[in-house]
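Thanks for coming, everyone. Let me put the model up, and then we can walk through a few salt bridges, a helix and a core together.

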Amino acid sequence: SLALADRVGERGSVLLVEGDRRAVSDARRNAHTRPHLRCLAGRVDAVLADPAALGSEPVDVVVLDPPRAGAGRTVIEQVAALAPRAVSYVACDPVALARDTATFAELGYRLDRLAAFDLFPMTHHVECVALLTKTGSDLR
């Protein structure tokens, strides 16, 4: 989130949502010089359901890093309702990624890029990063 906040600068904003309160506390401490980075503790589905938490700014890009089970239909529908141009999806289970990518496709997003990383050699675990773009978006 710090790298994203630096990239968008003070004219943009970044919202970090994390379920682990200690991680949010650490993020707030690390981001104290970046007022355009807000850090919220809570379940993603609960935060996305709260319009006050999201604010009124349009959402351009979402970075989604769900647990091994995947984001699930509810969260994906909430993300799609925000109408971001793109979703960067970090997945630790290719099966969950495939299922969630199909749900995004139903909601008007296409898989543009996919990279797989063997971060745990000699195991069956593969990390993937997928770029999903809204059909008709002008992603550069």
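Let's start with Asp-112, which is partly exposed at 35% relative accessibility; by that I mean between the cut-offs, where buried is under 20% relative accessible area and exposed is over 50%, with a 1.4 Å probe and protein chains only. Asp-112 forms a salt bridge with Arg-110, with the closest N and O atoms 3.0 Å apart. A salt bridge here is a side-chain nitrogen of Lys or Arg within 4 Å of a carboxyl oxygen of Asp or Glu. Arg-110 is partly exposed too, at 36%.

A quick word on what you're looking at: this is a predicted model, where local features need pLDDT of at least 70, side-chain atom pairs count only at pLDDT 80 or more, and totals for chains, interfaces and linings use all residues. Residues are numbered from 1 along each chain as its sequence is written, and side-chain values use heavy atoms, leaving out hydrogens and water.

Back to the charges. How many salt bridges does that rule give? The count comes to seven. Another one joins Arg-73 and Glu-106, at 2.8 Å between the closest N and O atoms. That pair links distant parts of the chain, with Arg-73 in helix H5 and Glu-106 in helix H6, 33 residues apart. Helices, by the way, are DSSP runs of H or I with at least four residues, strands are E runs of at least two, and both are numbered from the N terminus. Glu-106 is exposed at 56%, while Arg-73 is partly exposed at 39%. Together with Glu-77, these two make up a salt-bridge network.

Now to H6 itself. Which of its residues are buried? They are Ala-96, Leu-97, Asp-100, Thr-101, Thr-103 and Phe-104.

Finally, the largest nonpolar core: 17 residues, with Leu-64, Val-79, Val-87, Tyr-89 and Phe-104 touching the most other members. Such a core is a set of buried Ala, Val, Leu, Ile, Met, Phe, Trp, Tyr and Cys residues joined through side-chain atoms within 4.5 Å. H5 gives the largest share, four residues. There is also a second, separate core of eight residues, including Ala-5 and Leu-16.
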